[in-house]
Amino acid sequence: HKGPDPTSAICFLLFAVLYIVSYCIITRYKRKTDDQEDEDAVVNRISLYMCTFTLAMSGGAVLLLPFSIISNEILLSFPRNYYIQWLNGSLIHGLWNLVSLFSNLCLFVLMPFAYFFLESEGFAGSKKGIKSRVLETFVMLFLLGLLILGIVWVASALIDNDAASMESLYDLWEFYLPYLYSCISLMGGLLLLMCTPVGLSRMFTVMGQLLVKPTILEDLDEQIYCVTLQEEALQRRLNGSSQTCSTNTLKPQDKNIQSVKIKLQRKKASAWEKNLLYPIVMLILLTGTTISVLLVALNILYLLVDETAMPKGSTDRGLGNTSLSTFGVVQAVVEIVLMFYLMVSSVVGFYSLRVFEGLTPRKDDTTMTTIIGCCVSILVLSSALPVMSRTLGITRFDLLGDFGRFNWLGNFYIVLSYNLLFAVVTTLCLVRKFTSAIREELLKALGNIFIFIYSCSLVFSVLL
């Protein structure tokens, strides 16, 4: 007797976890409003739910390849284990198809609806209310759909002036939406190509701000003591000053002194954090970036000599038959870590570009319009991540579902140019980032590590 198929329940549980996490993230950055239950509050809440759904789909797209790779390795290691019978090819293919379907839904329906719904006021002369705003939103969506359909039809006619290809555009579901999503994926791939190298170099700066850098020949206690004296002197002047003009002049100085004091106190971290953690994190980032560039360089060589290196889709529903990693589980783990690293770097690079600085979310002070823009951007980046990972040769796992049916994946010149541009731009960004001053600082930090280890060994030798 065959039990019920648990695929639907597993997909629902995974989606529920992603939805809860996405809701917590968005509410952390969303601007706080009053609890008054008016029309705008209802509109904001509906838009919030749509943004949460979109962000959950973005998380699902990011997890597709890692989940598939680790599932394949688990089934190879435990092929007949009773407790992992639910992990099969049907589940993996179902996840890829669902993420593809709902990513299209979010990108072409939910996010435009949420934006137009927020901006709508109802038609002139009609009765104000939710119904009027919903009607206006649907009309705007219909007009937007006609506009995009016309643009894609004209572009297809210009690129491929073939009667059969133009007639196929009349088939909305079978050709138009996959073709449009293929164009969006290409745009997402180009956006990743632009953001990821910038993010890879920017990650060193971000981690340098989060961690405490090693201090060499610097007396922090004396600096903190001097700043404290300045703060006390300025506080006495503020207490003794009765004129408003003088007080307004001294207050900015007080804020600057307090900020300097906070930075100095932050530098008084433990020795292991300054002398061990900071250099180790920097070396991990440098190693991850170097491995990514080397893998792309190797993939370029494979593309030139082997046709099987081209990214392609797979319809084989079997899973756990062969390992796609030369070194087994170790290589699979490295591939997964690199994928997450590239995704984080692409998001950091996206918000580092001047064009998209306005979309940077701020805690408890981000408007719903900005949140919609962020969700759309992250959805485009995350949907292109599996395609980019396979195109760059980070993994050999074939793309499943609609992700493997993009037209441009079969073009050798596009794939080769994509790999060359990624390798060259990433290398240039790293060379520009690592100036002689940064290299010297890293060498000094490494010297501190050896000094710290040598001191510890001396202490232990004395104690023993």
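Helices (H or I, at least four residues) and strands (E, at least two) are DSSP runs, numbered from the N terminus.

This is a predicted model, in which local features need pLDDT of at least 70 and side-chain atom pairs count only at pLDDT 80 or more, while totals for chains, interfaces and linings use all residues. Residues are numbered from 1 along each chain as its sequence is written, and side-chain values use heavy atoms, with hydrogens and water left out.

On confidence, pLDDT is the predictor's own score for each residue, from 0 to 100. The protein averages 75, and 66% of the residues score at least 70. Among the elements, helix α1 (residues 7-29) comes out highest with a mean of 89, whereas helix α5 (residues 163-168) comes out lowest with 52. Where pLDDT is low, the predicted coordinates should not be read in detail.

Overall, the secondary structure comes to 13 helices and two strands. Of the 464 residues, 42% are buried, a word used for under 20% relative accessible area, with exposed meaning over 50% and partly exposed in between (1.4 Å probe, protein chains only). Contact means heavy atoms within 4.5 Å; among contacts between residues at least 6 apart in sequence, 81% join residues at least 24 apart.

Back to helix α1. Its buried residues are T7, I10, C11, S22 and I26, and they pack against α2 (39-77), α3 (89-119) and α11. S22 counts as buried because its relative accessibility is 5%. Leaving aside residues up to four places away in sequence, S22 touches T52, L55 and A56.

Aromatic rings come next. Rings of Phe, Tyr and Trp (its six-membered ring) pair if their centres lie within 6.5 Å; planes under 30 degrees apart count as stacked, over 60 as edge-to-face and the rest as tilted. The whole structure holds nine such pairs. F53 and F102 make an edge-to-face pair, because their ring centres are 5.7 Å apart and their planes sit at 80 degrees. This pair links distant parts of the chain, with F53 in helix α2 and F102 in helix α3, 49 residues apart. F53 is buried at 17% relative accessibility, whereas F102, at 27%, is partly exposed. Together with F15 and Y19, F53 and F102 form one aromatic cluster.

As for open space, a pocket is an open set of points on a 1 Å grid over the protein atoms alone, where a 1.4 Å probe fits, with protein on both sides within 12 Å along at least five of seven lines; lining residues have an atom within 4 Å of a point. The largest pocket holds about 790 Å³, a volume being the space filled by probe spheres set on the points. Its lining takes in 26 residues, and I25, L55, V347, Y351 and I378 lie nearest its centre. The elements giving two or more residues to that lining are α1, α2, α10 (329-352) and α11. Helix α1 supplies the largest share, seven residues.

Finally, G393 sits in the loop between α11 (368-391) and β2 (399-400). At 8% relative accessibility, G393 is buried. G393 and A309 are 84 residues apart in sequence, yet 7.8 Å apart in space, C-alpha to C-alpha.
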